[in-house]
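Here is a report on one protein chain. Look at the core first, then the helices, then the ring pairs.

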Amino acid sequence: MSAIVSRVFNNLKGNISHSLYHLPEILLTEAAVIILTVIAFNHYLNAVFALFLFAAVNVLILNLYGKKRKSEIDKIKSVINNIRQNKITSPAEIKLGSQLTVLEDEIKSMFFKMQVDIANMKKLEQVRTEFLGNVSHELRTPIFAIQGFIETLLNGAINDKKVNRQFLQKANQHTINLNNLLNDLIDISMIESGQMKMSFRYFNVKDYLEGIVNELKPHAVKKNLELVLNDVPENYQLFGDKDKLKQVMTNLIMNAVRYTETGRIEISVIDEDKKGRIIVKDTGIGIAKDSLERIFERFYRVDKDRSRSQGGTGLGLAIVKHIVEAHGSKVEVKSEIGKGSEFSFTLKK
């Protein structure tokens, strides 16, 4: 019997504790009732009886309020606990009742955002793992090559005039490739971490592109290729970061040189209303359709062996993509196997 009384008392105590949120309103109501009771009842004993009656009713009301509030809080705690333990897999499983629809919608929204964030974190972790694996592989290739040439020289080839200089030149080329890779890694890390600072201003397009073409022309001449800049109006100006755009143009032109055996590479500028389109077109080997969507991925190479042997890092087009997108534009690609490729992007006038 005492156990039952104790349980009832504890339930009552718990319910009332949850109803304290409404205590100010209830006390205000009670004060008004007490004043009215004293006025209504002239007899002292009747007034006291009425006050005891109202106090009992008050406890009952507090109990009902508390019980309802406790039930609502228990529902919320249960849902949050289920979310924490991954027992809920869909926002539709979150139900708090008709009295808590606003809170239910907020928890659903929070849960959905959590799911998206977790999915993004898993994706980023996968990308990070792949990136580290690719970096390790790409660094290992030139390091092993340099190590091999040096060991061969130390084992006696240093005294062989027919091969010693050749081995040193090859080792030197691999150090250049390694340096290029590290520079590209630094660039793409700064870009993707948001640390790349941009300096936008208007610049004369003709003078700018002539400087880049003249600087890179010797690379084309070595392969008996024409590198030409088509006519650009004298005072034509576009808006962008000249230094970052030079990195874009250098990557695009050098890629065209690497993958073109005969013919020419053309740089053109086309006026498009409020924008200007810069185009790099070659007569090279072209890109297969199934590779077009992947060429801007880090370390993706259409022809891995050929690209690596010619000093490609596999990061150039990824850097191009990020820089162009930072200018509010997008790199567009047209290509056909055996007929060449065309890369283009727009800048504001």
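This is a predicted model: local features need pLDDT of at least 70, side-chain atom pairs count only at pLDDT 80 or more; totals for chains, interfaces and linings use all residues.

The largest nonpolar core holds 47 residues. Met-249, Ile-253, Ile-267 and Phe-345 touch the most other members. Helix α7 gives the most, with eight residues. In soluble globular proteins, nonpolar side chains tend to be buried together.

## Helix α7

Which residues of α7 are buried? They are Leu-245, Val-248, Met-249, Asn-251, Leu-252, Ile-253, Met-254, Ala-256, Val-257 and Arg-258. Two of these, Met-249 and Ile-253, are also among the core members that touch the most others.

The 17 residues of α7 should span 24 Å at 1.5 Å a residue. The end C-alpha atoms of α7 are 24 Å apart, which agrees. Asp-241 caps the N-terminal end of α7. A side-chain oxygen of Asp-241 lies 3.1 Å from the backbone nitrogen of Asp-243.

## Helix α5

Helix α5 has 29 residues. From its first C-alpha to its last it reaches 42 Å, close to the 42 Å expected at 1.5 Å a residue. Gly-194 follows α5 and has a positive phi, near 80°.

The buried residues in α5 are Asn-164, Phe-167, Ala-171, Asn-177, Leu-178, Leu-181, Asp-184, Leu-185, Ile-188 and Ile-191. Lys-170 is also found in this helix. At 38% relative accessibility, Lys-170 counts as partly exposed. The C-alpha atoms of Lys-170 and Ile-146 are separated by 7.9 Å. Along the chain, these two residues are 24 residues apart.

## Aromatic pairs

How many aromatic pairs does a search of the whole structure find? It finds four. In one of the ring pairs, Phe-200 and Phe-239 have their ring centres 5.9 Å apart and their planes at 20°, so the pair is stacked. Phe-200 lies in the loop between α5 and β1 (201-204), and Phe-239 lies in strand β3 (residues 237-240). The pair therefore ties together parts that are 39 residues apart in sequence.

Ring pairs link Phe-200, Tyr-202 and Phe-239 into a cluster.

## The whole protein

The protein has ten helices and seven strands. Of its 349 residues, 33% are buried. Among contacts with a separation of 6 or more, 70% join residues 24 or more positions apart. The protein exposes about 22300 Å². Carbon and sulfur atoms supply 57% of that area.

Methods
Residues are numbered from 1 along each chain as its sequence is written. Side-chain values use heavy atoms; hydrogens and water are left out. A nonpolar core is a set of buried Ala, Val, Leu, Ile, Met, Phe, Trp, Tyr and Cys residues joined through side-chain atoms within 4.5 Å. Buried means under 20% relative accessible area, exposed over 50%, partly exposed in between (1.4 Å probe, protein chains only). Helices (H or I, at least four residues) and strands (E, at least two) are DSSP runs, numbered from the N terminus. Rings of Phe, Tyr and Trp (its six-membered ring) pair if their centres lie within 6.5 Å; planes under 30 degrees apart count as stacked, over 60 as edge-to-face and the rest as tilted. Contact means heavy atoms within 4.5 Å. Accessible areas come from the Shrake-Rupley method with a 1.4 Å probe; for residues, only the protein chains shown count as cover. The expected span of a helix is 1.5 Å times one less than its number of residues. A polar contact is a pair of N or O atoms within 3.5 Å; within protein, one must be able to donate a hydrogen and the other to accept it, and residues adjacent in sequence count only if both atoms are side-chain atoms.
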